[in-house]
Amino acid sequence: MKKFTLAIAISSLAVSAAHAKTFTDEDGSSLDVTGKVGFILSQGTDGSDLAFASDALDLGFAPSYMVSEDMTVFASLALTGSSMTVDSAYIGMDISGISITYGNQSYVSDSFGIGTDKNFGIGGSLASTGGLDTLAISYPMDSFLIAVSTDFEDGESTDSSIDIFGEFYLTNITLAATAQSQTDSAYVGFSGVFSDDAYSVGGEVTMDLDAEATAFEVAGSYAIDDKLSLGAGLGIDASEAFGVYINAGYSISSNASAFVEIASADEVGFATGMSVSF
C-alpha cells in the first residue's frame with residue numbers, strides 16, 4: 001500500500017516534486033510545473049504474463065497567488081498517461097494554515113497507510129478513492145494534522161464518501177487513524193510508525209465494519225546510504241490472503257531512480273522500473 005502525505009495543503013503543491021520548475025511574478029503569483037516519465041517491467045502475483053509499460057507519464061501544473069500574508073489561493077491540474085488523462089483538477093485556498101480544496105481529487109483517507117512497496121500492495125481494506133466534486137479541508141500543525149473530505153453529487157453531500165484522516169507526531173513516532181463512510185459500508189484504520197535517520201518500521205490494521213473483515217500489514221525500510229534503500233513488508237488482506245514483498249531502490253541522480261521488487265501472494269511476481277523527474 002503506497003501512501004503519501006496529505007496532498008491538499010498549499011505547501012504540498014509547492015514542493016510536490018523536488019525538481020518542480022517554478023515561475024514567479026512580482027505580484028505574488030507563481031506557477032509550479034512538474035513532470036515524471038518512466039517504465040515498469042512486471043509479472044503479477046496472480047500468474048499474469050510478463051508486461052512492459054513504457055507510457056508512464058505524469059505532468060502537473062500548480063498556479064498560486066498570495067493575496068495576503070495569511071491567505072493564498074491556488075489550483076492544481078495533474079495529467080497522466082500517454083493520452084494525458086486528467087488525474088486530478090481542483091481549486092483551493094489556504095487561510096492561516098487551513099487548506100480548503102474543491103474539485104476532482106482523492107479523499108483524505110487515501111493518505112492512510114504505512115506500506116513501503118514499489119509496485120505490489122498488500123493488506124488494507126479501505127475503499128479509498130476520489131471524486132469529481134470533492135470538498136476537502138485540512139488543518140496541519142506542528143504535532144498533528146486533521147483532515148476531512150466529502151463528495152458532492154448534484155450539489156448535495158452524499159453518504160458514499162465521508163472521510164476523516166488524522167496524524168499525530170512524536171519525536172520518532174507517527175500515529176495515524178482514518179474513518180470512511182460508504183453507501184453500504186464503513187471502514188476504520190489505525191497505524192503507527194517508528195522512524196530514525198536510516199530506518200523506519202511500522203504496522204497498520206484496517207477494518208471493514210459491515211463485512212466484519214480485518215486486514216493487517218507490517219512494513220519497514222532501511223537506507224544503506226544516500227543512494228541505496230531497502231524495503232520489505234508482509235500482511236493479510238480482508239479476504240485472509242497472505243502476501244509478502246521485498247524491494248530495493250537506487251537513486252541514479254538527483255532526478256532519476258530505479259527499483260526492483262519481488263512479491264509473493266498466489267504466486268511469485270516481480271517488477272523493475274526506472275523513472276526520471278523533470
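Predicted model: local features only at pLDDT ≥ 70, side-chain atom pairs only at ≥ 80, totals over all residues.
Hi everyone, thanks for coming. Let's begin with the strands, and do follow along in the structure above.

Please find strand β12, residues 199-208, and then strand β13, residues 213-223. How do these two run relative to each other, parallel or antiparallel? They are antiparallel, and ten bridges join them.

Which residue of β14 is the bridge partner of Y222? That one is L230. A hairpin of four residues leads from β13 to β14. While you are looking at strands, here is a handy general point: in a regular strand, side chains alternate between the two faces of the sheet.

Next, the second largest pocket. Its space comes to about 180 Å³. How many residues line the second largest pocket? There are 14, and the ones nearest its centre are T45, G121, I122, G243 and A265. Two strands, β15 (242-253) and β16 (256-264), each give at least two residues to this lining. Sorted by class, the lining holds six nonpolar residues, six polar ones and two charged ones.

That's my tour. Happy to take questions!

Conventions. Residues numbered from 1 in each chain as written. Heavy atoms only, no water. 1 Å grid on protein atoms, 1.4 Å probe; cavity = no way out; pocket = protein on both sides within 12 Å on 5 of 7 lines; lining within 4 Å. Points joined across faces, edges and corners; volume = space filled by probe spheres on them. Nonpolar A, V, L, I, M, F, W, Y, C, P; charged D, E, K, R; others polar. Pairing = 2+ DSSP bridges.
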